[in-house]
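Here is a friendly walk through one protein model, meant to be read with the structure open beside you.

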Amino acid sequence: MSALIRPKLTAFTLAIAAALTLSACGGPTTDASGSASKERFNTSPDQNRYTAPKVASIAAEVPAAIRSRGTLEIGNSKGSTAPLTFFATDNKTLIGVETDMAYAIASVFGLKAHYNPVSFEQIFVGLDSGKYDVGVSNITVTELRKQKYDMATYRKDAQAFEAKKGTRWRVTGPEDVAGRTIAVPTGTSEEKVLLDWSAQNVKAGRKSINVKYYQDESACYLALQSGQIDAYLHPNPEAQYHAKTSGQTQVVGAIIGAGEHLQGLIAATTKKGNGLGKPLNDAINYLIKKGVYGKILARWGLTSDGVSASRLNPPGLPIEGK
């Protein structure tokens, strides 16, 4: 989750995002008449989620208490953010890339996935108390979190600039947003990026960035369409999904990383030392190897955020000031 994470990000991080930006702009296709068409996703409660057969060797690694219970207790954020975790058209079934990933992991363990939708911070409370076995909810690997949790990675942590459909300019570094008006969620790593970049622009003799905040996302998108803002910087999965389903916006730039040599990563998160870290890591790598993982990402338009292998407790975003 990008909220409240404040890594030091530089223009270097844009270099590794160039391919993502150009190959996965995510705008809707155009029909024969030349008008924009919206991409459709299955948002019904009938998901037919991707699954895998139980892998005995990996299932045997799962702590006995979890195996005997028969369920994998999963902490999810309350359904609100497509395509990560959100409610289906019945307003009660949790769907999205995070729920699909948790479902597939549970299938490798031979367990039933049981979702527990709570506020983001309550996921960690539940992990600490043992109420939840694992958090699968866009949780970014950080050095601070690694002190308390084991983290098995499964997706890149990317942020994207979403602009009005037809926008010609692209973001490849701080100079591209100098003097522009950019919206961003407050208290997030995206906000930190803009403030850092604005300072870099001023230092280089360029105009600062006019950073805007909106209490609600619908107001932000209205401002984007009316030209009050030039772009909206927020998590890449959200930007890609909105661009594809609305037909009104497009991604014009992406940031992947957390410094010159550090890739930001999203991970399945469990209480440190509880014995579930390695099986989570092994299950995700099995899903990657068998192609199930790739199908899950493709289903939600997030192929560009994929990783070639899961890593257990890799370097994470640094602790503020270190």
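## A strand and its partners

Strand E7 (residues 158–164) is joined to E10 by 4 bridges, and the two run antiparallel. Glutamine 159, for instance, has proline 235 in E10 as its bridge partner. Strand E8 (residues 181–183) is joined to E10 by 2 bridges, and this pair runs parallel; here isoleucine 182 has alanine 231 in E10 as its bridge partner. Strands count as paired if DSSP finds at least two bridges between them.

How many residues of strand E10 are buried? In E10 (residues 231–235), 5 of the 5 residues are buried, so the strand is largely enclosed by the rest of the structure. Buried means under 20% relative accessible area, exposed over 50%, and partly exposed in between, using a 1.4 Å probe and protein chains only.

## About the model

This is a predicted model, in which local features need pLDDT of at least 70 and side-chain atom pairs count only at pLDDT 80 or more, while totals for chains, interfaces and linings use all residues. Residues are numbered from 1 along each chain as its sequence is written, and side-chain values use heavy atoms, leaving out hydrogens and water.

## The chain as a whole

The protein chain holds 11 helices and 12 strands; these are DSSP runs numbered from the N terminus, with helices (H or I) of at least four residues and strands (E) of at least two. Of its 322 residues, 55% count as buried. Among contacts (heavy atoms within 4.5 Å) between residues at least 6 apart in sequence, 79% join residues at least 24 apart.

## Nonpolar cores

A nonpolar core is a set of buried Ala, Val, Leu, Ile, Met, Phe, Trp, Tyr and Cys residues joined through side-chain atoms within 4.5 Å. The largest one has 57 residues, and Leu72, Ile105 and Phe109 have the most contacts inside it. Helix H4 (residues 97–109) gives the most to this core, with 8 residues. Leaving aside neighbours within four places in sequence, isoleucine 105 is in contact with Leu72, Leu280, Ala283, Ile284 and Leu287. Another core lies apart from it, with 16 residues, among them Trp169, Ile182, Val184 and Val252.

## Helix H7

The buried residues of H7 include Val193, Leu194 and Trp197. Their cover includes E7, E8, strand E9 (210–212), E10 and strand E11 (249–256). After H7 comes glycine 205, with a positive phi near 85 degrees.
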